Amino acid sequence: MKLVIALIVLVLGSLLFHVLSPWWFTPLASNWDTVDTTIDITLYITGVVFVAVNLFMAYAVYRYRHRPAQKAHYEPENKRLETWLTAITAVGVAAMLAPGLVVWADFTQVPEGADEIEVLGEQWQWSYRFPGEDGKLGEVATRYVAPDNPFGMSPGDPAGADDILVRSNELHLPVDRPVKMLLRSKDVLHDFAVPQFRVKMDMLPGSVTYAWFTPTRTGSFDVLCMELCGIAHYAMRGRVIVDTEEDFKAWLGGQTTWAEQRARPAADPAAGERQYATCVACHGPEGRGNLQMNAPAIAGMEAWYLERQLRYYRQGVRGAHEGDTFGAQMAAMAGTIASDSALRNLAAYVASLPAADSEPTLDGDPRRGAGHFNTCGACHGARGQGNHALQAPRLAGQQDWYLKRQLKYFREGIRGAHQADNYGHQMTMMARTLQNEQSIDDLLSYVNTL
Amino acid sequence: MQHTALADQTLELHDPRSFVTKYIWSQDHKVIAIQYGLTAVFVGLVALALSALMRLQLGFPDTFDFITPGAYLQFVTMHGMIMVIYLLTALLLGGFGNYLIPLMVGARDMVFPYMNMLSFWVYLLSVLILLASFFVPGGPTGAGWTLYPPQAILEGTPGVDWGIVLMLVSLAVFIVAFTMGGLNYVTTVLQARTRGMTLMRMPLTIWGIFTATILGLLAFPALLVSAIMMLLDKLAGTSFFMPALVSLGESLEYTGGSPVLFQHLFWFFGHPEVYIVALPAFGMVSDVLACHARKNIFGYRMMVWAIVFIGALSFVVWAHHMYVSGMHPAFGFFFATTTLIIAVPTAIKVYNWVLTLWRGNIHLRVPMLFAIGFIFTFVHGGLTGLFLGNVTIDLPLSDTYFVVAHFHMVMGVSPIMVLFAAIYHWYPLMTGRMLNEGLGKAHFWLTFLGTYAIYLPMHYLGFLGVPRRYFAISGTEFIPESAMSLNASITVSALIVGASQLLFLVNVFWSLRHGERAPRNPWGATSLEWQTPDVPPHHGNWGPQLPAVYRWAYDYSVPGADQDFIPQNHPVSDDERSNAPGGPA
């Protein structure tokens, strides 16, 4: 009897859960309403079967439960009943399959004139490429990939010169125009997925896959990697911003082409040295930092990282949070840099200063810290040496008190939570894996040994 | 049938004399079955503990310092692989297959007892290699149970130095063990059935195990070659699955390989693997249902053909795991069609189980509770398969928690319901003692209701679009706070279900000594294993004379019979007429 009640309660409870559940598909933002319709059809048919079979079973268990003198009926087979059930099931299955195949046919046929945009996946970030004025994406190959050519653009293909390279997790798309996303990976499998668009597709190193859709409303949507790609898989996030046509054009106009990126003159460290005079007061003449001034060591840091941080300070991406009082100081200083080329010269000079060992101030257990560092090492390198390809700066040689403060800032969203901080958001997720003061001290004591 | 004449003599049997030959290097299928079963349950408990750790992270993120993103992936990977291969496959085939095949077909033992013994020891070796990966530098692999390259053998994935190598070696060794066992099961069913045991008189348990073993013998080689090729890619620098790529900023030497090729090979094994687990469960639950409903299984012939048909179809549906893998999209039409066709014979099985209950005489003893629990969970898991098998619906749902919920329902919870039904049902035969009914019922209710509380809500996280294999889901705009509370409640249910398995373990070990003594054939079952001269059966199973079979395995509540079951070895009386398959005409 308990079982009969349980079965009925589970069936009705499942229906109730379905009706009351606040967890359901995100509001659709693409043309794929037919995908949702296919799901609805399947949901209704399977829902009816679920209720019917289980309630029938509950009734059978109730009606034919063992009682004294109860005897079972002897009926090995019933050809007619079995044939009928088979036929009805086949019809139900066909009713679910047919719309699925029709919609799939639409998905495999990309409409004529769809814009082609490339998505490039790599551990653990997204980049995007537009074909530029000629409407053609230039040739790419893995063998051309280098720090100054992250997309692997072929130097010999003129079609690539006007390609617009967006080295950022954020992509903009115009509303109501069909797009064919060409999906490419540099290293392992990834998967480009936007829940509101309904479609997703894996990205494979060595080939180009695709998925198409038409964004139907403006807004900001999460891009998620949905194929396991290593330990920071869960932090491989991006954003698609669907704009009106004008806004999209304005955004695209602000991006640079491959030719422009190549033509940029090299930074001049000698010019940077003159600007560095302003920095000396806090960071010291050799850039070794100063605990009393709360200034970190910057000597020998990677120029690309220094450039990015200086830009973030100037743009209010870093140092603008009210909890970051030291960052506010730096933001004010960065505001005095005259131009982007001055900024690059300054970064080049600082990068040319010889790095020095740091003075440990923390007393953690480096052995336990080594365990925590496994996670960090995936991006920052096993020796904490940094890795440009992963946008991860060098950690070895940095003062532990500074790193500790930054880890806390990341944890608390004081740093890295700004929408435009492309790579900081990963650190906000990673810093949360350290649950207490002691873990942070252990970790940084290990970093001190690197 | 020459072999039956030979088998009637007890002379040629391996005759255990000492403790070591009786319980350690044993060639008796019953002892080997217990060895397989205990090993599988032990390693399954490890996997259960891993799932608890994993759920702690998902339910209560930012709480546990030792669960790093890498460790989380290691838990996920080892939990999945252990549960699918080293627990379910090993327990269903190595455990129940070994125990039941000779007894149910009326044989003295497997036809190759020595190889059967080797099969267990090689399986144990594969388990030890697998467990060793917890203790090597870097720990076990965290590549996900599907082990997709290139990621599985590149930096950035946990266990890339030792863990992945041990995993691949362990799988290869497991396949060797499975092949030795599997050849035995198939040959025994084909060659060692006793007089009168025609194929169409075999209990469905045997049909399920037999068909699953054939699937295994055909499917595991695909996994073996992929494991060997990936080992070569990892250790010898070949490029079977590895295209030219840049790993963490560094160009590697690989060139020209295909990651999708691995996926095809893996799923050519992986999909039949689902049925390697499901078919024995289908078979065993049929027998438990018929016995405890005191009624013949409804539509026996249809049930047999459904098992065979499902087994055959399971080889042409593999790429439904790969709809969004980047393979040619035209494959989607073919694989969606074959996949949904498989729903028809599967649905027939469900109807026939339910119709077996109809007009029965249902004894709701513990094995029956689990069997009915199986029908409920299997219907649920089967129906959600119709979502994922339909290529279009896979676009939003693949790689989300809907997939996790679906496959746990259909090949986690439901086969485990059958395993529990089977253990409660056959424990008296194996040990001569009954399991405690009260503990058994408590175990059933906590497990049945608890698992539903885990997996029903999980589907809805999938509808929402929450990705699987994420260490943490914070930092997205589309996932509401309430999803975090849902995750916490799923974790609480999972911990309760996990802890309630202690009731089962206590019951199994306590009853071994203190359980009520089992009467002969306590459930009044018809099949041969309950008709042995001794309970538990002695070495050689049948005493001097093999049983002869005169009827199918489902003569329950036959009109006019004195009791409500007639054993298979009971001769047919002159006036008996039957319309049963394989019955007297």
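This briefing covers the backbone geometry, the annotated spans and the chain contact of the structure above. The model is predicted. Chain A and chain B meet in a contact that takes 95 residues from chain A and 102 residues from chain B. Two cis peptide bonds in chain B are described below, one ending at B:Pro150 and one ending at B:Pro536.

**Contact between the chains**

- Chain B brings 102 residues to the contact, and chain A brings 95.
- On the side of chain B that touches chain A, helix α12 (residues 366-389) gives the most, with 9 residues.
- By class, that side of chain B holds 63 nonpolar residues, 29 polar residues and 10 charged residues.

**Cis peptide bonds**

- Most peptide bonds are trans.
- B:Pro149 and B:Pro150 are joined by a cis peptide bond, with omega at about 5 degrees.
- B:Pro150 sits in the loop between α5 (113-132) and α6 (163-191) of chain B.
- A cis bond also runs from B:Val535 to B:Pro536, where omega is near -5 degrees.
- B:Pro536 belongs to the segment after α16 (481-514) of chain B.

- Most residues other than glycine have a negative phi.
- Is A:Gln391 buried or exposed? A:Gln391 is buried, because 20 other C-beta atoms lie within 10 Å, and the cut-off for buried is 20 or more.
- The segment after α16 of chain B contains B:Ser557.
- B:Ser557 counts as buried because it has 23 C-beta neighbours inside 10 Å.

**Annotated spans in chain A**

- An unreviewed UniProt entry lists residues 41-62 and 83-105 of chain A under "transmembrane region".
- In the model, residues 41-62 of chain A are 100% helix and 0% strand. The end C-alpha atoms of this span are 32 Å apart.
- Residues 83-105 of chain A are 100% helix and 0% strand. Here the end C-alpha atoms lie 32 Å apart.

Notes
Residues are numbered from 1 along each chain as its sequence is written. Chains are lettered from A and ligands numbered from 1 in the order in which they are written. This is a predicted model: local features need pLDDT of at least 70, side-chain atom pairs count only at pLDDT 80 or more; totals for chains, interfaces and linings use all residues. Helices (H or I, at least four residues) and strands (E, at least two) are DSSP runs, numbered from the N terminus. A residue is buried if 20 or more other C-beta atoms lie within 10 Å of its own, exposed if 12 or fewer, and partly exposed in between; C-beta atoms are placed from the backbone. UniProt positions are given in the numbering used here, feature names are shortened, and annotations may be inferred rather than shown by experiment. Two residues are in contact if their C-beta atoms, placed from the backbone, lie within 7 Å. Ala, Val, Leu, Ile, Met, Phe, Trp, Tyr, Cys and Pro count as nonpolar, Asp, Glu, Lys and Arg as charged, and the others, Gly among them, as polar.
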